[in-house]
Amino acid sequence: MSTRYLDSPVGGLRVHVSAGLVTAIDFGASPRGQRAADPLLDRAEAQLNEYFAGERTQFDLPVANDGTEFRQKVWSELSKIPFGETATYGEIAARLGYDSAVARAVGAANGANPIPIVVPCHRVIGSNGTLTGYAGGLERKTTLLALEQPGLF
């Protein structure tokens, strides 16, 4: 496994790659260690920097999909939410063919997403349009949504 620290508008990020896949992005990272040499880390860093600069709206990175079948379905659906748009937990449940009662389970899967930003879990909001829980904190979620929808948040 290789990792790389990145500075970003949402604070320090640590990107993890293994076996040719992005496996995790951690919030709240601090710079430490040497800069790992890895072509996938180079690509991930470039794409994240382009995203934060407003030059990229989609990521083209191979990502690990380690999780239960349900989580994998949710994470796949999150990746379909277009840049600058949001969806509710209930809408994600419905898109997957579930009753709205499954919205809480969607929220739990959303919160367990190991690859935030690239798999855009920040684009999921509460049914009344409010910004609800985010593993990286609501301040980061607000910042990410504001990058995608200037003036809205």
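Leaving aside its neighbours within four places in sequence, which residues is alanine 103 in contact with? They are Tyr89, Gly90 and Ala93, where contact means heavy atoms within 4.5 Å.

A word on the ground rules. This is a predicted model, in which local features need pLDDT of at least 70 and side-chain atom pairs count only at pLDDT 80 or more, while totals for chains, interfaces and linings use all residues. Residues are numbered from 1 along each chain as its sequence is written, and side-chain values use heavy atoms, with hydrogens and water left out.

## The sheet

Let us start with the strands. Helices (H or I, at least four residues) and strands (E, at least two) are DSSP runs, numbered from the N terminus, and two strands pair if DSSP finds at least two bridges between them. Strands of a sheet pair through backbone hydrogen bonds, either parallel or antiparallel.

Here, three strands make an open sheet in the order E1-E2-E3, and the pairing is antiparallel. E1 and E3 (21–27) are the edge strands with a single partner each, so one side of each has no neighbour in the sheet. From one strand to the next, the twist averages 20°. Helix H1 (residues 39–52) packs on this sheet and touches E1, E2 and E3, its direction making about 25° with that of E1. For that angle, axes are lines fitted to C-alpha atoms, for helices over the stretch in contact, and angles run from 0 to 180 degrees between N-to-C directions.

Now for the two pairings. E1 (residues 2–6) and E2 (residues 13–18) are joined by five bridges, and serine 2 has valine 17 in E2 as its bridge partner. The two strands form a hairpin with six residues between them, and glycine 11 in the turn has a positive phi of about 95°. Between E2 and E3 there are six bridges, with valine 15 opposite isoleucine 25 in E3. That hairpin has two residues between its strands, and alanine 19 in the turn shows a positive phi of about 50°.

How enclosed is E2 by the rest of the structure? Five of its six residues are buried, so E2 is largely enclosed. Buried means under 20% relative accessible area, exposed over 50%, and partly exposed in between (1.4 Å probe, protein chains only).

## Salt bridges

Side chains of opposite charge can pair when their charged atoms come close. A salt bridge is counted when a side-chain nitrogen of Lys or Arg is within 4 Å of a carboxyl oxygen of Asp or Glu. The whole structure holds eight salt bridges, including these:

| Pair | N to O distance |
|---|---|
| Glutamate 45 and arginine 4 | 2.9 Å |
| Glutamate 50 and arginine 56 | 2.8 Å |
| Lysine 73 and glutamate 69 | 3.7 Å |

Because glutamate 45 lies in helix H1 and arginine 4 in strand E1, their pair ties together parts that are 41 residues apart in sequence. Glutamate 45 is buried at 16% relative accessible area, and arginine 4 is buried too, at 4%. Glutamate 50, by contrast, is partly exposed at 27%.

Lysine 73 and glutamate 69 are four residues apart in helix H2, which means about one helical turn separates them. Lysine 73 is partly exposed at 34%, and glutamate 69 is exposed at 59%. Salt bridges that share partners also join Arg4, Arg35, Asp42 and Glu45 into one network.

Alanine 103 lies in helix H4 and is buried, with a relative accessible area of 18%.

With neighbours within four places in sequence set aside, asparagine 110 is in contact with Val74, Leu78, Tyr89, Cys121 and Val124.

In helix H2 (residues 69–78) we find glutamate 77, which is buried at 9% relative accessible area.
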